[in-house]
Amino acid sequence: MAAKKLNIKDKYRLLTRDLDWDFSYEDRKEAFPYEEFEGIKITDWNKWEDPFRLTMDSYWKYQAEKEKKLYAIFDAFSQNNGHLNVVDPRYVNAVKIFLTGVSPLEYQAYQGFAHVGRQFGGVGARVACQMQSLDELRHVQTQIHAMSHYNKFFDGFQEFSHMHDRVWYLSVPRSFFTDARSAGPFEFMIAIGFSFEYVLTNLLFVPFMSGAAHNGDMATVTFGFSAQSDEARHMTLGLEVIKFLLEQHEDNVPIVQKWIDKWFWRGTRLLTIVAMMMDYMLPNKVMSWKEAWEVYFEEAGGALFKDLARYGITMPKYSEVIEKEKEHISHQAWWTFYTHGHAAGFHTWIPTDEELDWLSEKYPDTFDKYYRPLWELAKEQEAKGERFYTSGLPQLCQTCQIPMLFTEMDNPNQNSMRDTLYQGERYHFCSDGCCDIFEEEPEKYVQAWLPVHQIFQGNCGGPEVGDILSDYYKMNVGVDNMDIKGSPDEIRWNQWKGIA
Amino acid sequence: MTIEIKTATLEPVRNTFAHIERRFGDKPATRYQEATYDVASEVNFHYRPLWQPEFELNDTGRTAIVMEDWYAFKDPRQFYYGTYVQMRAKQQEVAESNYSFFEKRDLARLIPEEIQRKVIRLLLPLRHVEQAANLNNVYGSSLGYGTAITQALLYNGMDRLGNAQYLSRIGLILDGNSSDSLAEAKRYWMDDAVWQGLRAYCEANICVEDWFESFVAQDVVLDALIYELVYLQFDQWLADNGGQDFSMLTEFIQTWNKDTNRWVDAVVKTATAESDDNKQQLEQWIGNWKAKAIEALAPLAEEMVDAEALNNAVVALDKRLNKAGLFK
């Protein structure tokens, strides 16, 4: 018989949606028990529009082609000592932050999307999430493989997995993701699928990959290119999720708005480390953090929220504060790491004179006024042989877990501190945004495993900070960290390059 | 003759990541090792899941199976993402050429009408079983412990979606893309007495809480029986009765089964060898689900082949279980 032509939409429906059936022998709510407790109302999963229509055979085929090419480059990279082509050994520290701080998030994304990819009652949404789960597993594994070669020649990569679960500044990205995974399935999708993957990915993933491209890092940038089409799929899924939830029921709108407010604030806090990486750690700059924020958030994000306005969604709360922060956060963060450089898992340094001038040019309203004087002081100290390290442990924000390093945005000489009482205990925050998030769900955020609190409570070994760093964090103090000047990384680099 | 290109050799500072070195010693590691071992978090999760506050996000307590080291579940295929997709891509290439050969030559026209009806009634509804298997494996992947087993469960879950799609395409070939055969097969799945036992089995397993039990009910018990019954014996019956060309369309699932059985058997063997408690737990689960599966499959087996067919499948399953160290 002459076969009629099936259009892609119908074919995909038959090959996915049509596989599901209505239960007769068990209660479907037992099979999908987590769909209702968040208060989200789904009236009809059939209204879900498949964001991409990939059957498994095509998935295997495309992904295998990408993997083959990617691993051919990895092989060539290590065969030819590709690490010698990075522009400067300082750059490698950005890769260390990526492997210790970001790659384990890809793993959590795999787990989170597997969870919602099992728990959603709608088969269309489920299958899309399952594919993203598999992609995320790809990303963590290919990142480990891309950076495996660096691990052989530089310090600070070797304990990435152990460190991610424990180290003070890594609890910032880690708790961000465990917060999302411990939430209900719909909040997870707004947190990760929409806020993180759709709106913020250009400010997280892209800066690292562009940094790699500008600084001679062939392994990382090739991974970036290879992951690009996966990321594009993830973005369409993130957008479909929010539209679907908003169209399903008007009661969903305030819930979704609350999640958007929360996850944008949490997201901008998380991006502090990217801001610092872009402005201070890339020897060849891509663009300033401020510029990236303006292009990717203010312009692109602004357009998106205009589009979402028809559902009654408004710009995330505290957007006006966030707009001011772009002038400050990268400087405040790098200064904190510079002064705590003995407790970081990577090297720190004073920007070169050219870099200081670049920062002045990119931040005409703030850098010379507030931050250049700090570096001039650090330079004087270093010249006297008195490179400065802070001995105290910083207080952490109960929500974002970043040390209280931020200032009031209208008064950069004044530290920003908030606090609130809950069940007789006082909790401290870096901002109104973080304080609000706590007050919305205090029973969740009192559980935060704050690294500095844990140290004081004796849960991380000790008694000295040095013992904690070497035993509990498994850092090689003085090798993996402190100043890049005189570090084993720098000494080896100079030997490889024949620099006396 | 060999030729040797001189490259600059730099002495590495270390061979691999520290957690890999602690497990396997100071030597270069394989990509499977670096992609798998100790990648999943074990401590300091910050928040209890709102959806299961009795557990941590990653928690060994979600199954009755107890392991000293969950990374003992080494995959004999050593699949990480890259090797996994490349293996499946090769297999789908063969499948694709089979399907297009079948369609181009219109081989369906050579297959007797009653055989086609039999395939619609007895083979196509298995796409829903594959869908259940997708859910059960992804369940284990999301709530299981340690990357060694959870990654393999995700690969398996996605494979099952692929299997369901290949089975669906058989229907679309038979009905000339009208999808009538898929609708008909779904009616059998929903209403025909011959399928209700199996549907009840699938629905019950989807609701099982212990992820390892769900893996046992699906991958160990049901899949083993269906593989023997459908993809070996029914396939042979079809070949003997003018439907031999269907084998071209089920070859993917057959090859896939062989490859997957190696992993399933290795998992069972490892869990059994770990402790007597595990062994007893597995035997109890298997005894229970096997009895249910036999009851569910009996009417199907009789219609597919004959009254003996299911027994042959059970013998094959028992042999595999025995080899893995169970029931002896």
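A residue is counted as buried if 20 or more other C-beta atoms lie within 10 Å of its own. By this criterion, in the predicted model examined here, buried residues account for 51% of the 500 residues in chain A. The chain contains 22 helices and four strands. Its radius of gyration is 24 Å, close to the 23 Å that the globule rule gives for 500 residues, so chain A is as compact as a globular protein of that length. The C-alpha trace of chain A spans about 85 × 60 × 45 Å along its principal axes. Of the contacts in chain A between residues at least 6 apart in sequence, 77% join residues at least 24 apart.

Within chain A, the axes of helix α9 (residues 201-214) and helix α10 (residues 218-248) come within 9 Å and cross at roughly 160°. Because angles over 145 degrees count as roughly antiparallel, α9(A) is described as roughly antiparallel to α10(A). The crossing of α9(A) past α10(A) is left-handed. To this contact α9(A) contributes T201(A), F205(A), M209(A), A212(A) and A213(A), while α10(A) contributes T220(A), V221(A), G224(A), E231(A) and M235(A). By class, the residues of this contact comprise six nonpolar, three polar and one charged.

The contact between the two chains involves 68 residues from chain B and 69 residues from chain A. On the side of chain B that touches chain A, the elements giving two or more residues include α1 (18-24), α3 (81-104) and α6 (147-174) of chain B. The largest share of that side, nine residues, is supplied by α6(B). The side of chain B that touches chain A consists of 34 nonpolar, 22 polar and 12 charged residues.

Note on methods:
Residues are numbered from 1 along each chain as its sequence is written. Chains are lettered from A and ligands numbered from 1 in the order in which they are written. This is a predicted model: local features need pLDDT of at least 70, side-chain atom pairs count only at pLDDT 80 or more; totals for chains, interfaces and linings use all residues. Axes are lines fitted to C-alpha atoms, for helices over the stretch in contact, and angles run from 0 to 180 degrees between N-to-C directions. Angles under 35 degrees count as roughly parallel, over 145 as roughly antiparallel, 65 to 115 as roughly perpendicular and the rest as oblique. A crossing is left-handed if the near helix is turned anticlockwise from the far one by less than a right angle, and right-handed if clockwise. Two residues are in contact if their C-beta atoms, placed from the backbone, lie within 7 Å. Ala, Val, Leu, Ile, Met, Phe, Trp, Tyr, Cys and Pro count as nonpolar, Asp, Glu, Lys and Arg as charged, and the others, Gly among them, as polar. The radius of gyration is taken over C-alpha atoms; the globule rule is 2.2 Å times the number of residues to the power 0.38. A residue is buried if 20 or more other C-beta atoms lie within 10 Å of its own, exposed if 12 or fewer, and partly exposed in between; C-beta atoms are placed from the backbone.
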